[in-house]
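Please report on the charged side-chain pairs here, and on the helix that opens the chain's numbering of helices.

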Amino acid sequence: MDEKEYQEYQSKKEYLTGYRKACKKIKSLKEQLESLREIEQSIRSQQLSDMPKGSNRHQDLSDLIVKLEDLQAQIIDAITESCKIKLEIEESLWKLDDPEEARVLRFRYIYFMGWEEISKIMCYSRKQMQRIHQKAIQNLKDVPQCPI
């Protein structure tokens, strides 16, 4: 593989890993949301158990609710983007002539499977799987730049 082919190959791999990155982003946002919800519950329980101390805690809760709503909107946007990326990848896979190549890429980049698991399912050696993987990436056509 010459330098240009190698760069193209790496670009295609980066594109395919875009879906995994999008899913990780969603997971991170959901973890942040859960953390803020725990803080919200703590503030609410303090408000119920404490004597009135002024409006500062009410303001803290209001700010937190705004942050929660913003984070929920970010999660919805991230999910929408990940679905778009997944559909783009699937469209690229549908264009492959060899269904085995498409399966390997789907298992690896859509289902996030490891080589051992893919090898077991497809009944090929790990080395053969990696050859099919390399050929499949080389055969991908019209792959856009990595979205993330």
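This predicted model holds 6 salt bridges. Side chains of opposite charge can pair when their charged atoms come close.

| Pair | N to O distance |
|---|---|
| K12 and E8 | 3.3 Å |
| E14 and K21 | 2.2 Å |
| R106 and E90 | 3.0 Å |

Take K12 and E8. Both lie in helix α1, 4 residues apart, so about one helical turn separates them.

E14 has a relative accessible area of 33%. For K21 the value is 32%.

R106 bridges to E90 at 3.0 Å. This pair links distant parts of the chain, 16 residues apart: R106 belongs to helix α4 (residues 99-109) and E90 to helix α3 (residues 56-94). Both R106 and E90 are buried.

Now back to α1. This helix spans residues 3-16, which makes 14 residues. From first C-alpha to last, α1 reaches 20 Å, close to the 20 Å expected at 1.5 Å a residue. Its buried residues are Y9, K12, Y15 and L16. They sit on the same side of α1, because they cover an arc of only 120 degrees around the axis. At the start of α1, D2 makes a contact with the backbone: one of its side-chain oxygens comes to within 3.1 Å of the backbone nitrogen of K4.

Technical notes: Residues numbered from 1 in each chain as written. Predicted model: local features only at pLDDT ≥ 70, side-chain atom pairs only at ≥ 80, totals over all residues. Heavy atoms only, no water. Helix = DSSP H or I, 4+ residues; strand = E, 2+ residues; numbered from the N terminus. Expected span 1.5 Å × (residues − 1). Buried < 20%, exposed > 50% of the residue type's maximum accessible area, 1.4 Å probe, protein only. Arc of directions from axis to C-beta. Polar contact = N/O pair within 3.5 Å; in protein donor to acceptor, adjacent residues only side chain to side chain. Salt bridge = Lys/Arg side-chain N within 4 Å of Asp/Glu carboxyl O.
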